[in-house]
Amino acid sequence: MDRPSRTGSPLFPDPFQDLVDLFRRLPGIGTKTATRLAFHLLQSPDSERQDLATSLSSMKERLRPCADCRNIVAAPPPEDSSPPLCSICLDPARDSTILIVVEDIQTLYSIEKSGEFRGRYHVLEGRLSPLEGVDPAMLRVRELLRRLENPEVREVVLATSPTTEGEATALYLSRLVKPLGIRVSRIAFGIPVGLELEYVDEVTLMRAVEGRHPF
Ligand SMILES: [Zn+2]
């Protein structure tokens, strides 16, 4: 295994240190948490380690992207050849007239957890980034336009991040979608709830004022 270089002699024996290093590669996990997780697993029953290993190694093959929105969905049994659809796309109670475009599946689930949105989703699988060489052909733009051929869709909400790349992506999409006669909106950006206004930076404050709504 290619291991990041460590200074001095390693504290732990290799088989343990390898696991700590693997955990440290995960987002939000520092050395302390990585070490705690590794000790936890060391002291766990074999079955717990086995369940974790099985779940990790089979995760990809047990999941499929939703054929409509690219959300994740459990892989259908081999005899089922119909395109896999996620529970949101299958739900007849969802509003088919409104489609919200997000960069990734995590954002889909964040919006879903808020319980505020009852329409359908479209996951772009990234955002435009000339620096990282991401162009429109690498995102699910063509698939979005295909979905917009459905005359039911009346509004597209652009929920890309409020970063330079996210804004560029939103602008790019709005120029494609508006000529189709479909309403395009952008999610509002603003102040985190519970934060004193004096601590909010000027750009965020400006965006919040722009995104004001009747009260
Ligand atoms: Zn779906």
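Is Cys 66 buried or exposed? Cys 66 is buried, with a relative accessible area of 0%. The model described here is predicted.

## Zinc site

The zinc ion is held by the SG atoms of Cys 66, Cys 69, Cys 86 and Cys 89, at 2.3 Å. The angles among these four donor atoms run from 104 to 115°, and the site is tetrahedral. For comparison, the ideal angle for four tetrahedral donors is 109.5 degrees. Along the sequence, the spacing of the donor residues is C-x2-C-x16-C-x2-C.

Cys 66 sits in the loop between strand S1 (63–65) and strand S2 (72–74), while Cys 89 belongs to helix H4 (residues 87–90), so this pair ties together parts that are 23 residues apart in sequence. Cys 89 has a relative accessibility of 13%, which is under the 20% limit, so Cys 89 counts as buried.

## Nonpolar cores

The largest nonpolar core has 17 residues, and the members that touch the most others are Val 101, Leu 148, Val 156, Leu 158 and Leu 173. Two or more residues each come from strand S3 (98–102), helix H6 (141–147), strand S5 (155–159) and helix H7 (164–177). H7 gives the largest share, three residues.

Leaving out residues up to four places away in sequence, Val 156 touches Leu 99, Val 101, Leu 148, Val 177, Ile 182, Arg 183, Val 184 and Ser 185. Another core, of 16 residues, lies apart from the largest one; Val 73, Val 102, Val 123 and Ala 159 are among its members.

## Domains

The protein is divided into domain 1, covering 14–49, and domain 2, covering 86–188. Taken over C-alpha atoms, the centres of domain 1 and domain 2 are 37 Å apart.

How values were computed: Residues numbered from 1 in each chain as written. Predicted model: local features only at pLDDT ≥ 70, side-chain atom pairs only at ≥ 80, totals over all residues. Heavy atoms only, no water. Core = buried A, V, L, I, M, F, W, Y, C linked by side-chain atoms within 4.5 Å. Buried < 20%, exposed > 50% of the residue type's maximum accessible area, 1.4 Å probe, protein only. Helix = DSSP H or I, 4+ residues; strand = E, 2+ residues; numbered from the N terminus. Contact = heavy atoms within 4.5 Å. Domains from an automatic or database assignment. Donors = N, O, S within 2.8 Å, 3.2 Å for Na, K, Ca; no water. Tetrahedral: all angles 85-135°; square planar, octahedral: opposite > 155°, others 65-115°.
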